[in-house]
Every structure is written in C-alpha cells, then in structure tokens.
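Keep the viewer open and click along as you read.

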Amino acid sequence: MEVNCQDSEETVFALSFSDFPEDVQLCILSFLDPSELASFACTSKKFVSLCRDDQRLWFSLCDRRWGSCTHLKRWGHGKISYKVLYRILREYENLIGFWRRCGITNIASVNSPPASLVYFEWGPFYVSGSMISPSKNGSYEVIRSPFLWVSITSKGEPMNYLDPEGRFDFTDDLLMDSEKGFLENELIRVNVSFMGKCHVVVEENLGSFGHGKVPSSGIASGEEYQNGCGSPPDRLMSEIYQYLANRTSPGGNGVSRRQRRREKEKQEKLRKWEPEHFVKIVNCSPTLSRPLQGLWKGICDDMSLDFYLVSYDDIGGIACRKVGESSRPLSLHAPVFWSSSTTFIEPPRSPEEYHIYSNRMHLRPPAESYDSGDNGAVSHMLLINSSYDLVIPDIAGPTTNPRQCEGRIWQYENGTFGFGFLRDNYIIDLKHIAKNGHLLDAIEPCNG
C-alpha cells in the first residue's frame, strides 16, 4: 500500500503503509473485519504475525466495535485473548435487541404480568436477557425482569445461567461462585442455541449436550444444535434401528434400551426448565424512510398500557398489531390499524381535518397533561383503516358503514405519533419502548 504525497516544490514521493507509526497502523486496521484483515495479511509476511496474534490490534478491533457497550477487560476476568473475545462477542452481538417468546413461558411470577417481549442487552461482562411487560399502574413504565445471563469463564468456556425467580444480580462475585459450582442449586445452567439468525432456543444443560458440542462462545448454530440433539425424524429412526438391533442381535435382550430409558427418565426428573423458543423482532426502530416502524407503547381506552408493533410490507403498506402473548388465539393478532399507502398528507390541514383532531382527547397517564403540545405540533397525517373489514366485507356484514373503520395517524414533530378512528372520541399517543439501545421508563418488578 502506497500513498503519493506532493510537497510545495512539486516533489512526488511514495509513502508505504509500513512508514506510518505503529499506533496509526493499528488504528487503520481496526476498521477492518477479520476477513478483510486476513486478506491484508496476505500482502506481506511482515503483517502475518501482526494480524494473527497481536493483542493490541485485536483489542483495537474489539474496542471499536463494543468498547462503548461493555467492559472488555472484565470478560473472562481479563484472562482470555482479545482475538478469542472478538469471536465470542461477534456471536453474542446477534442476541442484542427485542425477541418474542414462542409458546407458553416457563416463568410465572405473581410480581409481574406475563411478559410480552424479551430484551437482550450488553452488561459489563455479560449479555443479559430480561422479560419486558407493560406495567399495570396506568403509566408508561415497563417492567424489566432479568432472567438470563450469557457470559464466559476465565478459560473462555460458556457460562449461561437462568434465574427464573429474579433473585440474583449478576456480579463478579456471583460469576466466581458460578465457576466454582456454588450456585448450581440456585441457578439453572443452560445452552443458548441459534436456529438461524432470528430463532433462539434456551434449554437446560443436563450434561449430555454442551460439553464439546457447542462453540466456545456457548451459542450453537442450527446445524450444531441438530447434531447435538438430533432432529425428530433422525432420532426416531435411530431408536427404531436400535430396537430392531436389540431384538435380532445375539444376546439382544433389550438391556441397553431399558438402560437408556432409565437414564432419560432420570434426566427428565432433574430438569428444571423446559426448552423455550424465542423469535427476534427485526426492524424494531423507526428510520427516515419508515418513520412509523418499530415497537411502541400506548395507553388504551381502558387506561391500560399495551405494546404495538408497526411494520411496513413489500408492497407499500403499513400494519400495526398489539404485541401480546404468543399463546393467545390467532384472531387476537388482527391488525389494530392498516393502510395500503405510506404517503403522508402534508399541511395545511383542511378545517374538517382540524376539527377531527382537535375534538378528540389524548389517552395518556393521569399524571401527564392531555395537551397535544407535549408531543409537538402535528407535522404529517396519514389515512388508515381499523381492520381488514374493507378488504373482506363479509366479515363485517353488509350494513357496516365504511366510515366507521376509517381513521387517522397524526405524526408529531418530535418523531412520535398518535392514531384514532372516526368512530371514537380519543387519540392513542404512542411512545418509544427503547431508544438508541436503551430501554425507556423501565422499573424493577415488585417483590412481596
């Protein structure tokens, strides 16, 4: 790599990458990813050892990507190489964000309502997973209940623990006690397995899976998960084959089969946590081109807090659904509102539209003002419908007034928005659940 420089006397000279100071070289290389770094190392034998083993370079790579999110020197008690740490954190990074549970949860607490969402975020030396539920106190507050910690030992081995009852804070001392096995009866050790990029399985580590069959980061890929646990058809065929082998082979009296069954029953008795599946919520934040996209929270007409997910489809439409329990009937997941167009109506508004907006109250917590000025002036407006009744008229019946399904979205200057329908006399103002990677208005569950 050469750089042509030109001084005031028009003298041209070449500056090689090797001529830069070492700290400048490390700074430049820290912008590369491992594949680009490997390609760069092929350009010169001099750079092979630098790119392969130099701790300063790999620390720079880690620091540029995750230095503002977590404490790099506390991972593994600072006893693992930064090259290994880079690989681990790159896998853990896939967990960060919002997820939804699939099926019935293992966690049932009288201290908080059933969780609608799961939120993974960076901790000082771990990734934490928390159940996120709407509060029941009539405010915008959300209940955060930490239940899962994903970390590594000082040897770089995975150490993932569940705390279903939320009794512990994950500290350095707790990590040390976990490494020594002091908390095996208090916490549940688990495996965290990726089934693709947007599907995660959390299952208890009973000893048969997780020892030498998952990556050192503790997150297994879908293929490794299948190899470790076996897909249902493969496992069934294996059991059939083993049964026939025991019946036909000399001395095959089924002893080994009964022994395996007893072993399996023994493990089931020890199981404290049933495998649980989580699906990632992609596009959970608004963008310039999709300002309504993402997860929102709002006060409903019964003054309870609900979560909403607004998504854009590939044909130019918008749909909003409540984010509730995944075990609820499918009919309860019908859109709250939808629109076949994403084109906003620019101001000024007509007198009729001004009347529609100004004559409706804003549903907000009692402690907050009902003045729409809290959100800022209305900057744009969008026409919406309340359901698919207009697309499938038979559902609503022939006497339905289409205007009863019609509604509006009012986008405010501060980036939030409210929505309402002509049949109602109120507007539901929505706020962000999280912003810039931070959960907003979070409280801890009440104990007792």
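Start in the largest nonpolar core, which has 46 residues, and pick out W75, Y92 and L95: these touch the most other members. A nonpolar core here is a set of buried Ala, Val, Leu, Ile, Met, Phe, Trp, Tyr and Cys residues joined through side-chain atoms within 4.5 Å. Helix 5, residues 82–92, is the top contributor to this core, giving six residues. Another core, of 21 residues, lies apart from it, and V336, F344, L382 and Y426 are among its members. As a rule, nonpolar side chains in soluble globular proteins tend to be buried together.

A word on the ground rules. This is a predicted model, where local features need pLDDT of at least 70 and side-chain atom pairs count only at pLDDT 80 or more, while totals for chains, interfaces and linings use all residues. Residues are numbered from 1 along each chain as its sequence is written, and side-chain values use heavy atoms, with hydrogens and water left out. "Buried" means under 20% relative accessible area, "exposed" means over 50%, and "partly exposed" is in between (1.4 Å probe, protein chains only). Helices (H or I, at least four residues) and strands (E, at least two) are DSSP runs, numbered from the N terminus.

Back to L95, which sits in the loop between helix 5 and strand 3 (97–102). L95 is buried, at a relative accessible area of 0%.

Zooming out, the protein has 11 helices and 23 strands. Of its 448 residues, 41% are buried. Among contacts (heavy atoms within 4.5 Å) with a separation of 6 or more, 57% are between residues 24 or more positions apart. The protein exposes about 24300 Å², with carbon and sulfur atoms supplying 53% of that; accessible areas come from the Shrake-Rupley method with a 1.4 Å probe, and for residues only the protein chains shown count as cover.

Now look at helix 1, residues 22–29. Which of its residues are buried? They are Q25, L26 and L29. These cover an arc of only 95° around the axis, so they fall on the same side of helix 1; the arc is that of the directions from the helix axis to the C-beta atoms.

On to the charges. How many salt bridges does a search of the whole structure find? It finds nine, each being a side-chain nitrogen of Lys or Arg within 4 Å of a carboxyl oxygen of Asp or Glu. In one of them, the side chains of R101 and E276 meet at 3.8 Å, N to O. R101 is in strand 3 and E276 in strand 11 (residues 276–280), so this pair ties together parts that are 175 residues apart in sequence. R101 is buried at 4% relative accessible area, and E276 counts as buried too, at 1%.

Another salt bridge pairs D441 with K297, with the closest N and O atoms 2.8 Å apart. D441 lies in the loop between strand 22 (438–439) and strand 23 (442–443), K297 in strand 12 (residues 294–299), so the pair ties together parts that are 144 residues apart in sequence. D441 is partly exposed at 35% relative accessibility, whereas K297 is buried at 0%.

R408 and E353 also form a salt bridge, with 2.9 Å between the closest N and O atoms. Both of these residues are buried. E353 and R408 are linked with E406 in a network of salt bridges.

Finally, some backbone details. Most residues other than glycine have a negative phi, and most peptide bonds are trans. A cis peptide bond joins P347 and P348, with omega about 5°; P348 lies in the loop between strand 15 (337–339) and helix 10. H77, in the loop between helix 4 and helix 5, has a positive phi near 55°. N283, in the loop between strand 11 and strand 12, also has a positive phi near 55°.
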